[in-house]
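These are my notebook entries on one structure.

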Amino acid sequence: MKKLLLTLVCLCTLGAHADEGMWTLSNLPDAVYEQMKQYGFQLSKEQLYQSQDAVKNAVVNFGGFCSGVVVSPDGLVFTNHHCGFDAIRQHSTVEHDYMLNGFYAKTFEEELPNEDLFVSFMIEQKDVTDSIVPRLEGKSQRERGEIVDSIENAWQKAMRQQDSTLRVELKPFYEGNQYYLTTYRDFNDVRLVFSVPKSMGKYGGETDNWMWPRQTCDYSVFRIYADPKTNGPAEYSKDNVPYRPQSWAPVSLQGYKPGDFAMIMGYPGSTSRYLSSYGIQERRDAINTPRVQVREVKQAVMWRRMQSAEAIRIMYESKYAHSSNYWKNSIGMNKCIDSIGLIQQKRDFEARIRQWQDETGYLKDKLNFDSLQRLYEKRMALTRVRTIFRETFFTFDDEVTTRAWRSSLGMKVEGPESKPKKQYIRFDDNSKEWDETTDCELLAALIRNYRQQVDADYLPDFYQTIDKKFGGDYDAYVRTLYKKSLLMKSGKPIYFNKKSYNKDLAVRYGMSLSEVLAKINADLAQYSSAIAQQERWLCAAVLRMEQDQPNYSDANFTMRMTYGQVGEYSLDGRPSGYYTTARSLWEKMQQADKNVEYYAEPVMHELLSQKDYGRYADKLTGTLQLCFLSNNDITGGNSGSPVFNGKGELLGLAFDGNWDSLASDIFFDRQLARTINVDVRYMLYLMDRWGHADRLLKEINAK
């Protein structure tokens with residue numbers, strides 16, 4: 001990637017650049033709204049957030065990890081294919097592999113319910129800083145968290161007394177200098193309606209992930225169901241009916257051209273753009289680098305085992321995709337950090353803050369960059385250990401570790417309260433979700449790698465068991481965990497008040513993990529509260545120094561809006577192009593013999609080589625446009641976020657960022673950062689010509 005000369009203002013301000021910013025809607029700055037209008041936004045400010053048909057009312061938090069948009073009067077929801085991936089996988093079998101072959105429910109009755117899947121609508125958001133921050137002064141990070149949780153619980157109780165369908169979240173903004181209370185309504189009956197084959201929904205696989213150009217039709221379709229009497233939230237019941245929203249997003253077939261307004265609304269997960277240069281270095285060296293190393297170990301095992309049988313592929317494909325996504329992201333982020341010299345440029349900006357602080361006296365004797373540097377230097381090695389520990393043991397990639405954690409952290413207890421020895425825990429039979437041989441190979445490889453990566457001080461006690469009782473044989477130890485542990489007896493009572501329980505190999509495995517995690521956290525706590533306080537003061541200094549311009553808070557999985565324009569970018573003098581075509585996909589399909597991730601079924605070859613794409617063809621180019629670029633500001637969690645034009649009509653869904661700007665979680669590069677979106681016309685084309693989903697197309701009523 002070309003090294004860019006970045007200005008100090010561009011580096012730090014988090015300010016009013018038209019294509020930068022993750023803006024909250026309840027307090028959208030007038031300057032931002034005026035800039036949106038100059039870019040082509042045609043709705044009033046009230047139509048963004050306040051009115052009954054406000055754009056935000058159609059946008060949902062999908063499952064607590066993605067975003068989505070309601071597109072019909074019967075509660076139909078579009079989100080990304082990779083957001084629906086696990087739900088699709090859970091319904092798949094070797095005989096009916098919906099993940100591989102796609103799925104279409106031809107009737108309401110055929111729509112498939114999904115356990116633990118929900119969507120949330122944001123009702124309102126308000127600033128409660130004055131009620132929170134004074135109570136947190138002088139408190140440690142742990143104490144701050146406990147106080148905030150206590151206040152949130154009290155407000156939740158009060159809210160439920162008013163309306164039992166609502167819940168509230170109290171979250172920090174601007175590094176904890178402000179707090180907002182957000183009210184949501186959750187719907188827990190969400191059913192799978194439509195999915196394209198994996199070849200299209202994940203087209204290009206890891207080869208094309210984070211890359212441009214893209215041809216991935218990354219979408220899936222779900223429906224919200226509601227109580228038939230109230231049209232409100234309800235747990236799953238066969239008697240529930242499709243939800244009837246007050247408003248939904250109109251779907252546009254009119255397309256776009258360079259410079260057209262583009263707005264994305266959704267739930268970005270986490271950014272760290274106020275982070276100090278020392279924090280960025282820790283992110284690069286103690287988080288991203290060890291994450292890449294551990295994930296390479298686990299992905300090698302998963303990939304090899306997935307090739308051995310279709311049933312194993314179905315079980316592990318979602319875990320593999322989840323792991324590989326931020327494996328590649330971490331690699332790209334580190335390359336971007338180094339290629340633009342981000343750490344040094346951030347330090348140059350911090351020198352500017354020091355000078356301003358000396359001139360104004362703001363936060364004198366509080367914000368201290370030398371102290372911040374020393375704290376990070378002391379914490380760096382511990383952060384690396386924590387990353388390796390979490391990537392190895394806390395990602396729930398294998399079943400015995402998952403059960404060991406659950407048993408050590410506490411589970412639902414069954415049996416009589418008056419007779420402790422007859423109380424028990426129980427694990428459901430989920431044997432269709434994992435494969436013992438794969439799990440054993442995976443865990444053995446991970447625990448072997450962990451020992452090679454960390455100091456002896458942070459080795460759990462079970463390593464002594466491996467050495468003394470299993471002669472250092474990791475495979476034998478893991479096989480014994482699976483074969484003989486009480487925790488692996490699915491569906492049977494496990495009496496935890498008996499001596500045999502505490503002697504169980506997997507129980508002791510879980511306890512030793514808990515002990516080491518507690519040690520890591522305790523050691524980190526020596527520095528983390530002080531670092532968090534310094535970072536909080538640093539953010540406050542930036543806000544004060546730049547008080548004459550609007551500033552947005554880092555992402556924290558609350559609803560945000562980002563606006564910009566459709567358009568390409570230039571890299572080393574080469575134009576990227578701003579959209580891809582059916583022809584470009586067909587040409588990639590011809591390379592499937594060299595790269596299996598470019599494979600597509602014969603019917604897709606036929607559909608993507610048409611000369612006439614009907615109403616789905618772009619009016620200017622005459623072809624089917626597949627994916628397009630915009631300069632919006634997104635991050636993880638924005639997957640599935642709707643892309644709106646200036647009239648608030650749906651143009652497509654955001655699904656990725658580009659490789660050339662993977663440091664955007666800590667720095668937004670206006671020259672290179674682009675959002676990759678799937679065109680809604682491509683989505684509807686496959687829904688029509690491949691799925692023959694006439695009832696859904698009629699319901700969506702795109703124009």
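Entry 1: I began with R313 and E310, whose side chains meet in a salt bridge at 2.9 Å, N to O. For this term I required a side-chain nitrogen of Lys or Arg within 4 Å of a carboxyl oxygen of Asp or Glu. The model is a predicted one, in which local features need pLDDT of at least 70 and side-chain atom pairs count only at pLDDT 80 or more, while totals for chains, interfaces and linings use all residues. Residues are numbered from 1 along each chain as its sequence is written, and side-chain values use heavy atoms, with hydrogens and water left out.

Both R313 and E310 belong to helix α11 (residues 310-339), three residues apart, about one turn of the helix. I took helices (H or I, at least four residues) and strands (E, at least two) as DSSP runs, numbered from the N terminus. I then looked up the cover of each partner, where buried means under 20% relative accessible area, exposed over 50%, and partly exposed in between (1.4 Å probe, protein chains only). R313 is buried, with a relative accessible area of 8%, whereas E310 is partly exposed at 40%. The pair also takes part in a network of salt bridges that links D97, K198, E310, R313 and E317.

**Entry 2: further salt bridges.** I noted 41 salt bridges in the structure. One of them joins the side chains of D186 and R167 at 2.5 Å, N to O. D186 lies in strand β8 (residues 178-187) and R167 in strand β7 (residues 166-173), so this pair ties together parts 19 residues apart in sequence. D186 counts as buried because its relative accessibility is 18%, and R167 likewise counts as buried at 15%.

I also recorded a salt bridge between the side chains of R191 and D189, at 2.8 Å, N to O. R191 counts as buried at 6% relative accessibility, and D189 is buried with a relative accessible area of 1%.

**Entry 3: cores.** I next looked up nonpolar cores, meaning sets of buried Ala, Val, Leu, Ile, Met, Phe, Trp, Tyr and Cys residues joined through side-chain atoms within 4.5 Å. The largest has 81 residues, of which F78, F194, M200, L684, L686 and M687 touch the most other members. Helix α22 (residues 680-690) gives the largest share of this core, eight residues. A second, separate core has 74 residues, including Y320, I388, Y463 and I531.

**Entry 4: a covered helix.** Helix α4 (residues 81-90) is mostly covered, with seven of its 10 residues buried. I listed the buried residues of α4 as H81, C83, G84, F85, A87, I88 and R89.

**Entry 5: charged patches.** Which residues form a negative surface patch? I found E115, D116, D428 and D429. A patch of this kind takes residues with over 30% relative accessible area and no salt bridge, like charges being joined within 9 Å. D116 sits in the loop between β5 (112-113) and β6 (119-127) and counts as exposed, because its relative accessibility is 70%.

A positive surface patch is formed by K421, K498, K499 and K503. K499 is found in helix α18 (residues 499-503).

How values were computed: Patches are made of residues with over 30% relative accessible area and no salt bridge: like charges are joined within 9 Å, nonpolar side chains (Val, Leu, Ile, Met, Phe, Trp, Tyr) within 5 Å. Accessible areas come from the Shrake-Rupley method with a 1.4 Å probe; for residues, only the protein chains shown count as cover. Lys and Arg count as positive and Asp and Glu as negative; His and the chain ends are not counted. The place of a charge is taken as NZ of Lys, CZ of Arg, CG of Asp or CD of Glu.
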